[in-house]
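Here's a quick briefing to read alongside the coordinates.

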Amino acid sequence: MELLIALGEVYEAANLIPVTSTHISGASYKTIGDPGVRFLSEISEGCSSKVSSTVNPIGMDRERYAEMRVREEFASKQKEIVDLYEKLGVTNSWTCTPYLIGNRPQLGEHISWAESSAVVFANSVLGARTNREGGPSALASSITGFTPNYGLHDEENRKADVLIELGFEAGEKDFASLGYFTGKICGNRIPYFRSLSASEDDLKTLSASLASSGSVSMFHVEKLTPEWSLGLRDGHEKVQIEKEDLEDVESGWNTSEEPDLIAIGCPHCSVGELKKLARMLEKGWSGPELWACTSEAVSKQVPDAVDMINEHGKVLCDTCVIVSSVEDFSQAIATNSGKASTYLPSLCKQKIMFSDLETLVRRFQ
Ligand code: F3S
């Protein structure tokens, strides 16, 4: 409670308000290390979650970690972290797409979520209200049931700042680079896309990319997302994006032609994405090691697709390539994710081959 009050004072929050859901980041031993384990151990003593709480991916699949070449010492520290979160009473989740496994708040609900890609999705696609929380503040909200009332909890702050018009018709292949390019322009402002048709998976991709190049916490798509009619703020900026802008982003990501690993599932794969990958793999696979990351809950919904992917690669649950210790054995990764293309070079010392899923899979068949 002290942490939340201090945060509220910094941001001049009007008061504390109750939340219906939290999503906590900071669960991989790679990202929180021993200080994180100590912090969790102290805070979980005598505390428990008051509201429905999910947690971000951990550093390994708890059953297949040997196949991920995870060292025993890492695995045992990781299990300690999972135990500490379980002691708090959080949902057994370990995913960055909690909205695919039941933590799916409704329009207008006040929530406290960390994990930038999920924050953008929750605000924009679900219309729930959260600031871009950090792991400790989301954890504090989970334990107390409250969050400081400022920023995106106030409807007035949810109007768009930047009108984005596209000089081309965006397809499924464009959402990663479109999000990255728009995030760079917007910083922490809210973009409003005109004439964009997108599936929920496309919006998941867009959310992750927007949050990785800037600190965007929300976007609107005209006539599609639930609060688009809040509209644009007076004096908003107007930006036109062309196909060449996205091609520049993609060529900036590409630094390798010979990946050691293909990584799909950043953010975690949905049921539809697993099925699509499985269908493509029916034609076989002759590429390098293939990982498809998702949550256990999503993987259980499509056992046939999981079997097909496992025939040629690995469906890894509860983890992701970035928070794993992939740098122990890989130098270059191919991915269809804008967020992974942005973070893998700095966080995992990887070169990148970026492409949309279909092109990527066909290339190695
Ligand atoms: Fe999720 Fe890991 Fe990407 S947490 S958004 S799969 S970096």
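Predicted model: local features only at pLDDT ≥ 70, side-chain atom pairs only at ≥ 80, totals over all residues.

**Cysteines, a loop serine and a bent helix**

**Cysteines**

- Searching the whole structure turns up zero disulfides.
- Cys317 counts as buried because its relative accessibility is 11%, with the cut-off for buried set at under 20%.
- Cys293 counts as buried too, at 2% relative accessibility.
- You'll find Cys293 in strand β11, which covers residues 289-294.
- If you skip neighbours within four places in sequence, the contacts of Cys293 are Ile264, Gly265, His268, Cys269, Leu316, Thr319, Cys320 and Val321.
- Cys293 and Ser116 are 177 residues apart in sequence, and their C-alpha atoms are 18 Å apart in space.

**Ser330**

- Ser330 sits in the loop between β12 (314-317) and β13 (332-335).
- Buried or exposed? Ser330 counts as buried, since its relative accessibility is 2%.
- Its side chain makes a polar contact with the side chain of Asp260, at 3.5 Å.
- A polar atom of the Ser330 side chain also lies 3.4 Å from the backbone oxygen of Ala332.
- Not counting residues up to four places away in sequence, Ser330 touches Asp260, Leu261 and Gln350.

**Helix α2**

- Helix α2 runs over residues 29-43, and its end C-alpha atoms are only 17 Å apart, whereas a straight helix of 15 residues would span 21 Å.
- Where is the kink in α2 centred? Look at Pro35, where the kink is about 65°.
- At the start of α2, Ser28 has a side-chain oxygen within 3.0 Å of the backbone nitrogen of Lys30.
- The buried residues of α2 are Tyr29, Ile32, Gly33, Gly36, Val37 and Leu40.
- A reminder on helix geometry: with 3.6 residues a turn, an α-helix has residues three or four places apart pointing the same way.
- As for partners, the buried residues of α2 pack against α3 (72-88) and α5 (135-144).

Technical notes:
Residues numbered from 1 in each chain as written. Heavy atoms only, no water. Helix = DSSP H or I, 4+ residues; strand = E, 2+ residues; numbered from the N terminus. Expected span 1.5 Å × (residues − 1). Bend = angle between axes of the 7 residues up to and from the residue. Buried < 20%, exposed > 50% of the residue type's maximum accessible area, 1.4 Å probe, protein only. Contact = heavy atoms within 4.5 Å. Polar contact = N/O pair within 3.5 Å; in protein donor to acceptor, adjacent residues only side chain to side chain. Disulfide = S-S within 2.5 Å.
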